[in-house]
Amino acid sequence: MKKAGVVIAALICIALVCGGYYIVKARSETAQNPEVELTEVQKIITKDLDQKYPATPREVVKLYNRIITCYYKEEYTEEELSQLADQALRLFDEELQTNNPKELYLSSLKDDIADYAQRERYIAQSDVCDSSEVLYKTIDGEDIAYVNASYFVREGTDYCKTYQQYVLRKNEQGEWRILVFYQIEAEPEE
């Protein structure tokens, strides 16, 4: 009986040593091969907007700015460009989506991207106004928000700053969607 107890104890010790070795080896391999970092394009196209839609008008514009910065500055495949466009269109109000069907939007977008590339132009930085500067109104019973953004654009060796105002409308699901946007001369004074 004692012999069986000694054998079982020896087997348990061997199992612990082998298990410990396996764990140490697995951890060292993980440290040597860190997980692949996603590119900005991949981070955006894998974002599930059905599950986690931006909560505020400002967050919607910030995500849209990340998308348009990718259009002109990042590298991507044709399929990834299409997926970026899908994400941008998902941020648009139904009315804006109707006026910009995907095929038309993608075609216009490719022309813009080619123009930017030919001119060696890209968005170096974008900024969105502070939350306290978002203007909220109710117009004809609809919740509307006005969000200003600025863009630091590089063209060749020159830089310029442009400004846009985004008008967002809250839909029936309570999501803020981009209704229209247009270039403005400069950020409005308070």
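User: Why is Arg-66 called partly exposed?

Analyst: In this predicted model, Arg-66 has a relative accessible area of 31%. Buried requires under 20% and exposed over 50%, so Arg-66, at 31%, is partly exposed.

User: What makes the contact of Arg-66 with Glu-40 a salt bridge?

Analyst: The closest N and O atoms of Arg-66 and Glu-40 are 2.6 Å apart. The cut-off is within 4 Å, and therefore the pair counts as a salt bridge. The pair links distant parts of the chain, with Arg-66 in helix 3 and Glu-40 in helix 2 (residues 40-45), 26 residues apart.

User: How is Glu-40 classed, and on what value?

Analyst: Glu-40 has a relative accessible area of 24%. This value lies between the limits of 20% and 50%, so Glu-40 is partly exposed.

User: Why is Arg-169 called buried, and how is Glu-95 classed?

Analyst: Arg-169 has a relative accessible area of 13%, which is under 20%, and therefore Arg-169 is buried. Glu-95 stands at 46% relative accessibility; exposed would require over 50%, so Glu-95 counts as partly exposed.

User: What makes Glu-155 and Arg-119 a salt bridge?

Analyst: Their side chains meet at 3.1 Å, N to O, and this is within 4 Å, so the pair qualifies. Glu-155 belongs to strand 3, whereas Arg-119 sits in the loop between helix 6 (102-118) and strand 1, 36 residues apart. Glu-155 has 28% relative accessibility and Arg-119 has a relative accessible area of 31%, so both are partly exposed.

User: How many salt bridges does the structure hold, and which residues are linked in a network?

Analyst: The structure holds 13 salt bridges. Asp-50, Arg-90, Glu-175 and Arg-177 are linked in a network of them.

User: How do you know that strand 3 pairs with strand 4?

Analyst: Pairing needs at least two bridges. Strand 3 is joined to strand 4 (residues 158-170) by 12 bridges, so the two pair, and they run antiparallel. Ala-145 has Leu-168 in strand 4 as its bridge partner. Their hairpin has 2 residues between the strands, and in it Gly-156 takes a positive phi near 65 degrees.

User: What makes strand 1 and strand 2 partners of strand 3?

Analyst: Strand 1 (residues 121-128) is joined to strand 3 (residues 142-155) by 7 bridges, and strand 2 (residues 135-139) by 5 bridges. At least two are required, so each pairs with strand 3. Both pairings are antiparallel. Asp-127 stands opposite Ser-150, and Leu-135 stands opposite Tyr-146. In the hairpin of strand 2 and strand 3, Asp-140 takes a positive phi near 50 degrees.

Notes. Residues numbered from 1 in each chain as written. Predicted model: local features only at pLDDT ≥ 70, side-chain atom pairs only at ≥ 80, totals over all residues. Heavy atoms only, no water. Helix = DSSP H or I, 4+ residues; strand = E, 2+ residues; numbered from the N terminus. Buried < 20%, exposed > 50% of the residue type's maximum accessible area, 1.4 Å probe, protein only.
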